[in-house]
Amino acid sequence: MTATIFDTQDYNYPDNYNEIRPKLKRLEQAIKNLEANLIEADSNANTEMLGQRLADDLNLTVDYASELNPNQLLAATTVDGKVLVIAGAGSGKTKTLTYRTSYLIENGVPPSQILLLTFTRKAANEIKNRAQTLLASSASDSHSLNSSLPNSKVLNDITSGTFHSFCNRLLRQYSGLLGINPRFTILDTGDAEDAIDLVNKEKKYPTQTNIQAFPRKKTLQNIISTSRNRRIHIRDLIEANYPDIAVHIPIIEQLAVDFHEYKRANHLYDFDDIISQVVRHLKTNDTFRQLLQQTYRYIMVDEYQDTNIPQKQLIDLICQPDSVSLMVVGDDNQSIYAFRGANYENILLFGETYPAAKLIKLEQNYRSTPAILDYINALSEQITLGYQKQLYSKIKIAGQKPVFCRLSDERKEAKYIADTVIELKPDYDYNDFAVLCRTSFQSNYIQLEFMERNIPFIVVGGIKFIERRHIKDVLAFVKILYNPNDTISWHRILTLFKGVGAVTATKLTQAINADNNSFEPLLAAPFAKKSEQLKPLYAVLTKASQAESVEQIIDDILDFYIPILKFIEDNWRERSEDFRVLKNLAQEYNSLDNFLENLALDPPNDSIAAMGKTESGSNDDNDKVTISTIHSAKGLEWPVVFVNSLVDGMTPHHRSLSDFEELEEERKLFYVACSRAKTRLYLTAPDYFASYSGYFDKPSRFIAELSADKVSVETVKKYTFESDEPAWW
């Protein structure tokens with residue numbers, strides 16, 4: 001038996017394996033069936049034939065065979081039928097999608113027949129832009145005058161973007177066919193919470209507060225959203241995950257119904273509605289379904305492991321005909337978004353959905369050193385269920401093994417990380433380092449230590465730009481100008497004013513809607529008496545509605561709002577800096593609907609709080625250590641990565657320890673963290689972690705389960721208190 005660092009018998013594992021055994025057997029069979037359809041490109045005659053065929057095709061300007069590795073080439077050029085590409089970490093997934101896009105265009109596929117679905121607009125644009133650059137540079141290099149080569153405008157005919165942006169486009173474009181109002185407002189998660197709270201207060205449900213407090217709006221929104229995305233009845237979801245509020249199940253079920261009716265009455269769609277509405281129409285409207293099936297003949301889906309049930313249904317309904325080409329790309333080892341509704345079963349059941357599908361694997365890694373890959377592969381082997389994969393690298397230098405260091409407490413752990421950064425700094429820039437945490441609060445001591453040591457850093461994974469209070473306030477004004485039925489935005493604005501409470505806001509909103517969405521009720525005596533700011537509000541909304549640009553609308557609103565912000569927030573100057581970002585974004589759009597849609601469906605990245613200064617005392621906008629949650633780090637990479645707080649109960653999280661599937665996702669989360677490292681990987685853990693949740697003092701089982709020869713255990717005596725022995729002995 002292979003020796004491990006710690007005795008794995010000290011850990012308790014979930015006992016619900018037998019409960020989900022039928023599901024696991026189904027998944028295992030689906031994986032086995034698709035593995036039988038694996039096609040590989042090795043150094044045999046088939047690869048040579050493919051390369052020769054590509055070389056003989058005079059219509060191709062790109063030398064696909066020389067620019068892609070054999071399996072990437074296979075994925076890029078297998079364009080018929082249904083294909084699942086398992087792309088391991090750092091295996092060139094984006095490059096493969098880029099070359100496949102180029103290959104389709106060069107083979108005469110009309111760009112309008114291509115649908116590219118990703119999880120960020122940036123990812124979709126990157127693939128399209130790279131494909132255009134690839135085609136243009138290849139044509140230039142070969143001095144080709146091939147008239148069939150598309151220009152950039154033709155490539156823009158590719159439909160691309162996120163699932164939400166695609167479905168939003170369909171709902172507006174085909175609103176007449178679907179019988180819906182195209183001028184609807186999109187509610188983000190915070191708006192949906194406010195809408196649920198508003199419905200709850202207006203309906204005055206008879207909640208049994210003497211037995212158990214009624215859940216807050218955030219919990220209610222999460223329950224309703226999860227129920228829809230995972231196709232689980234609210235009752236079953238609450239009984240399984242929220243047993244303390246089970247007494248309120250009938251009220252919550254009714255609230256979900258009333259919330260849905262409220263949205264429809266006021267032309268409001270939340271994120272879940274956008275996709276589920278398209279799916280519903282695809283199922284019930286034959287004309288709509290056939291139209292999409294005829295329009296999109298070549299479909300590519302990125303990060304397929306992150307799709308939820310409605311997203312899978314959307315893909316399957318469009319791809320029903322055998323003649324529609326579908327390639328989905330993903331890595332089942334990186335399915336870490338169950339809390340957002342992602343369903344890891346989608347990628348594992350691909351072969352069950354499409355029995356004739358082919359399987360291609362990308363296993364050559366271009367990111368990490370062989371020593372780090374050896375550790376990553378060992379982690380992969382611990383994942384119970386998934387496609388067989390073995391990442392490898394052609395880098396000849398093995399590199400250093402991952403380092404594990406256990407320290408006496410969180411302060412010493414932070415000091416060790418800071419010391420290591422400073423020690424390595426001569427060979428790296430600050431932006432070559434990243435500290436990845438299971439949850440954001442685990443970085444608190446590290447941030448303090450970095451500030452004391454003048455190590456510049458940024459924090460990623462906090463409050464998103466679009467979710468900041470002052471940004472949501474300003475956007476509420478914009479939403480009203482676009483959709484005066486938006487009662488949530490009306491409430492947000494009106495309750496900013498002294499003298500206007502929830503009751504008055506409701507009455508005023510109802511009066512506005514009854515007056516054909518006119519702003520005139522703001523001037524009516526019964527309401528004007530409540531607040532002297534209603535008359536100026538009428539003036540600014542009237543002025544902004546006549547503005548000629550989105551940027552001018554934002555300027556008009558800010559002139560009115562900033563004095564209010566000064567009154568309600570002490571740090572209004574700091575918050576006002578965000579308005580420059582908002583104005584810059586506004587310059588990119590010539591219509592309110594496009595501006596609002598893109599902010600809602602593809603908002604700016606997570607907020608980044610920059611702290612600290614370089615050793616010279618000068619600020620540098622780019623050269624900073626990244627401190628991030630693991631979830632926010634997915635898809636990124638750094639030369640040097642630290643993964644901290646590796647105490648069982650924190651990583652994996654204590655709430656996952658009794659559930660087999662949740663523990664598996666925690667294992668994948670750790671896999672994602674480690675696979676971000678290129679040259680050096682440091683794994684750290686304090687001796688214990690104490691909080692209201694409990695006292696945890698075992699190192700993470702994810703460290704303990706692997707062979708001792710996979711890591712170098714570092715003993716740092718200067719960080720222990722009384723003993724010269726390593727703290728973990």
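**Figure 1. Met 300 and Met 327 are bridge partners across two strands of a predicted model.** The model is predicted. Met 327 sits in E7, where Met 300 pairs with it. Strand E6 (residues 298-301) and E7 run parallel and are joined by four bridges. Val 83 also stands opposite Met 327 of E7. Strand E1 (residues 82-87) pairs with E7 in the parallel sense, over five bridges.

**Figure 2. Strand E7 (residues 325-330) is largely enclosed by the rest of the structure, because six of its six residues are buried.** Both faces of E7 are covered. Ser 325, Met 327 and Val 329 are buried on one side. Leu 326, Val 328 and Gly 330 are buried on the other.

**Figure 3. Six strands form an open sheet with parallel pairing.** What is the strand order in this open sheet? The order is E3-E2-E6-E7-E1-E8. E3 and strand E8 (358-362) stand at the edges. Each has a single partner strand, so one side of each is left without a neighbour in the sheet. From one strand to the next, the twist averages 15°. E1 and E8 pair in the parallel sense over five bridges. Ile 86 stands opposite Lys 361 in E8. Helix H8 (residues 163-173) packs on the sheet. H8 touches strand E2 (114-118), E3 and E6. The direction of H8 makes about 120° with that of E3.

**Figure 4. Gly 161 lies in strand E3 (residues 159-162).** Is Gly 161 buried or exposed? Gly 161 has a relative accessible area of 4%, so it is buried; the cut-off for buried is under 20%. Leu 117 is 44 residues from Gly 161 in sequence. In space, the two are 5.4 Å apart, C-alpha to C-alpha. Leaving aside residues up to four places away in sequence, Gly 161 touches Leu 116, Leu 117, Thr 118 and Ala 124.

**Figure 5. Helix H14 (residues 271-284) packs with H16.** The angle is about 35°, and the axes are 9 Å apart. The crossing of H14 and H16 is left-handed. H14 makes the contact with Ile 275, Val 278, Val 279, Leu 282 and Lys 283. H16 contributes Pro 310, Gln 311, Gln 313, Leu 314, Leu 317 and Ile 318. By class, the contact of H14 with H16 has eight nonpolar, two polar and one charged residues.

**Figure 6. Strand E9 (residues 403-407) has five of its five residues buried, so the strand is largely enclosed by the rest of the structure.** Val 403, Cys 405 and Leu 407 point one way from E9. Phe 404 and Arg 406 point the other way. All are buried, Arg 406 among them. E9 pairs with strand E15 (residues 677-686) in the parallel sense, over five bridges. The bridge partner of Cys 405 in E15 is Thr 684. E9 and strand E18 (residues 712-713) also run parallel, joined by two bridges. Here Val 403 has Ser 712 of E18 as its bridge partner.

**Figure 7. Helix H29 (residues 592-601) is mostly covered.** Eight of its 10 residues are buried. Those buried in H29 are Leu 592, Phe 595, Leu 596, Glu 597, Asn 598, Leu 599, Ala 600 and Leu 601.

Key:
Residues numbered from 1 in each chain as written. Predicted model: local features only at pLDDT ≥ 70, side-chain atom pairs only at ≥ 80, totals over all residues. Heavy atoms only, no water. Buried < 20%, exposed > 50% of the residue type's maximum accessible area, 1.4 Å probe, protein only. Pairing = 2+ DSSP bridges. Contact = heavy atoms within 4.5 Å. Axes fitted to C-alpha atoms, helices over the stretch in contact; angles between N-to-C directions. Left-handed = near helix turned anticlockwise from the far one by under 90°. Nonpolar A, V, L, I, M, F, W, Y, C, P; charged D, E, K, R; others polar.
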